[in-house]
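Me: Please show me the sequence and the structure, and then take me through how the parts are arranged.

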Amino acid sequence: MQLETFRYDNTIVKKFTLATVVWGVVGMLVGLIIALQIFIPELNFGISFLTFGRLRPLHTNAVIFAFVGNGIFMGFYYMIQRLCKTRIFSDLLSNIHFWGWQLIILCAALTLPLGITTGKEYAELEWPIDIMITLIWVVFGIQLIGTILKRREKHMYVAIWFFIATIVTIAVLHIVNSLELPVSFLKSYPVYAGVQDALVQWWYGHNAVAFFLTTPYLGLMYYFLPKAANRPVYSYRLSIIHFWSLIFLYIWAGPHHLLYSALPDWAQSLGTVFSIMLIAPSWGGMINGLLTLRGAWDKVRDDAVLKFMVVAITAYGMATFEGPMLSLKNVNALAHFTDWIIAHVHVGALGWNGFLTFGILYWLVPKLWGTQLYSKKLANFHFWTGFLGIVFYASSMYWSGITQSLMWKQFTVDGTLQYPNFLETVLQLIPMYIIRAVGGTLFLTGVIVMVYNLIKTAGQGTFIKEEEAQAAPMDKTPTRLKGHIWIESRPIRFLILATVAILIGGLVEMIPTFLIKTNIPTIAAVKPYTPLELQGRDVYISNACNSCHSQLVRPFRSETERYGEYSKAGEFVYDHPFLWGSKRTGPDLHRVGKKYPNVWHYHHMSDPRLMSPGSIMPPYPWLFDNQLDIASTQAKIGAMRSLGVPYPEGYESKADADLLKQADEIVLDLQKAGVVVDRDKEIVALIAYLQRLGTDIKAQPAAK
Amino acid sequence: MNKLFSSVNKRLLSLLLVIASTGTTFAQAQDESDLGKVFHIGVFIFFFLVFVVLLTLISYHNSDDGKVPTLVKAWRWINEKMTKATPIDQEAQVMLDHDYDGIKELDNVLPPWWKYLFYVTIVFSVIYILNYHITNVWALSEGEYKEEIKLAEIQRAELMGSGAFITEKNVTALTDPASLALGSEIFKKNCAACHGFKGEGLVGPNMTDEFWINGGGIKNIFRTVTNGVPEKGMLSWKAQLNPKAIQEVGSYILSLYGTNPPNPKAPQGTKWVDVASADSTKAVVDSTKKIETVKK
């Protein structure tokens, strides 16, 4: 058969490579800054943009969507052309994809520090950016499918399967979770409320980990590992089984983020069992990776690329074993809301995503520039500093998480909490936080050394813009293929089947939670927020208070003693979005309403250490200067009504008057306590919201 | 840091020792504290990691020329049994005719240990759902919580009955400096936010004058702190402070009388006549009476 000659485009790979490295450094640097802020709150320099609550989402977004995201695309553009034996579908779309994605990142970097956020974890970006993400993702999808359709290799390799699953699932997750009603150009409310919002959010959050941080990286592993080791993939049939079981089972596991919450028990249990069943499918990827290295372990000793990859795959194995363990109720009861989870995700992020990216970069950059790596020594130095960084990071956070959780739960023989003062449990952790920051510094140092090494490598070679290759055209004569080979040779049918596999779990969990009323028993005493409280809630969201404070009291004696009655599903029905949070750096706030007088909150926000000596919460001086955006009240009330919150028809016209009336009451109360404040400052609204939190059911204690 | 090691660590270490020496404490799940649970898991994960590291290290030695150490031979044997992998030298038998940009694929059988692990997790899941939702032999969150509270109440009742407990009836004011220092610590952490650091009063009333809303004297203060006065914003502290601590903080509050701190809040409540010139029991009787008159 006649061989055809064609050219691979390396320019787009180079662009994404640069972006990966640059955003990697930025994302990790922001991470290091917030790690330091935890024990030196002054490091925000009194500026709202640089405060922990706002930088934390910037860190997570930068690392996940900028560093790992660009890493995915870097690897994708390199391997898809070679695996399909064709040039990328469209050079124009490549560029739209690249610049569009960088623009999204830039928008994120501008809006998040300004407090423009939806408040939903890992989906903080506001609706115009959400639309951009959707469009760019479609471009990515066209590039994948288009390239596959013009391939010269009939049978799709396993790496491509993982990319197909990634494309459809992320699209579904992103669109469903980001359904929101715009109030203004940069403000929206999610269409879901309370428990339902929580379910959708963690279905998304969990599967963003699964289909953004895991499946595309497994795809990359399946290409770059056998390439770097020059060994055949261990088992094709293992690939098949673990691929299909992984994508089918993963989607169900979201509710394990909501154990002991107000989510219905049956949904929690599904989250647990599907997480447990995920161990083997996840490990399938680890085994297939590690066993591919059979007979190449001697290379691992010398080759930094393989070393990085081996640690990455091992970290993947550890994190995917730990995840299911954390989904067991008794382990979760201990670990949830603590630094244990921070340790867990960082084993994944630093170990699996970080190290695999580094391994690929050390392999790819010399290839793209047609040269050898500038310094093996520096690469090995990077390996060891990075490895040590992970060890410091993980061990300190495990210790910190377990210590704090045990302190929260410790009762004295008299039956009282041993550490009733939350702050006491925080101050115990400071040494661990310092060690964590040391770990982060080591990791970042290694990355900077890598940047130097890669620049030097590129400098000593010449960039190969286009690479010529030859292959026979695809044999289009119909052949009788059987079973999986049949499906693996038909991309569109493959895509449809994968979509079905990933839809089932989400549908089974969501439909009943949305449609069956008994799942969220209503509480008559729970009323919509007043206009001032609603505005205060948005101040809370904008300052990302939920980065550090949960609003979910779990049904444990240690929590009901500390905070009050545990949280009920019916209490959150007007919460667009839900604000349960995922980490308690500070105490839970669901029952904080009416617990302290207004003036306590006033002083506490102006300087937390005044009310809680030694507190690691930064002061919020801008709340006392910023004017409350009262003009938006009417639009917000209207939006909430459209979402089903029962404000009376025409209430908008009275909302402003009600808002000012309530603000005046608070101002008057503060005055009595010797504090003078204008009624139109953000602090007044925030106090109103905090004082409302969790108080509705107190009016009717026998909640049903 | 010191505290960290002394409190939590010691317990953790001793537990680790217990686990190490018995090794079979898994069976006693019923009596386990949360601490125990963590440590079982922790130990399990630890051994698992050690196992992985060992295997990796051993595999690393695969390539040493010539001699094959016994350990490596043993590992290879286990590996063979566990994975049923086709040996590398016969790998042509399972080589598929796949070639993706130079990547070849073998078709080794599914490692049996992996396959059975998968089956076990599926069986576990079925049992889990059965026990929680069909036969209901395991308690769901709410049931678990009720059980926990019931247990705590029984324990508390036992303690109360034993007489070892300080109560409103038998509490006395302490005057020794050590107790007052402890009381002062508790005050700063819990009370100062509302009553001022020097007890001068802020949101809550002044603690240094002779006027009391809910009655002065150690017994009244003990009761007020224990149960709170929710309608006036005073919290109940019984969940957070044990009776001893309430006694200490109450005694400290009494010691603030007449300290005249700066910015005092105006007196609130009724003047409490201190009959302390007489013996303390009498004062207590008086104070109770006083409250009754106020209520009338």
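**Domains, chains and helices**

The C-alpha centres of domain 1 and domain 2 of chain A lie 33 Å apart, with domain bounds coming from an automatic or database domain assignment. This is a predicted model, in which local features need pLDDT of at least 70 and side-chain atom pairs count only at pLDDT 80 or more, while totals for chains, interfaces and linings use all residues. Residues are numbered from 1 along each chain as its sequence is written, and chains are lettered from A and ligands numbered from 1 in the order in which they are written.

Me: Which helix gives the largest share of the side of domain 1 of chain A that touches domain 2 of chain A?
Reply: Domain 1 of chain A covers 4-227 + 340-471, and domain 2 of chain A covers 531-699. The contact (C-beta atoms, placed from the backbone, within 7 Å) takes 38 residues from domain 1 of chain A and 39 residues from domain 2 of chain A. Elements that each supply at least two residues on the domain 1 side include helix H1 (11-39), helix H2 (52-84) and helix H14 (376-409) of chain A; helices (H or I, at least four residues) and strands (E, at least two) are DSSP runs, numbered from the N terminus. The largest share, 5 residues, comes from H2(A).

Me: Which helix of chain B gives the most to the side that touches chain A?
Reply: In this pairing, 63 residues of chain B are in contact with 62 residues of chain A. Among the elements giving two or more residues on the chain B side are helix H1 (2-22), helix H4 (112-134) and helix H6 (177-195) of chain B. The most, 11 residues, comes from H4(B).

Me: What percentage of the residues of chain B count as buried?
Reply: Chain B has 9 helices and 2 strands. A residue is buried if 20 or more other C-beta atoms, placed from the backbone, lie within 10 Å of its own. Of the 296 residues of chain B, the buried part is 24%.

Me: Are H24(A) and H25(A) parallel or oblique to each other?
Reply: Helix H24 (residues 633-642) and helix H25 (residues 652-672) of chain A pack at an angle of about 125°, with their axes 9 Å apart. Axes are lines fitted to C-alpha atoms over the stretch in contact, and angles run from 0 to 180 degrees between N-to-C directions. Angles under 35 degrees count as roughly parallel, over 145 as roughly antiparallel, 65 to 115 as roughly perpendicular and the rest as oblique. H24(A) and H25(A) are therefore oblique.

Key
Two residues are in contact if their C-beta atoms, placed from the backbone, lie within 7 Å. A residue is buried if 20 or more other C-beta atoms lie within 10 Å of its own, exposed if 12 or fewer, and partly exposed in between; C-beta atoms are placed from the backbone.
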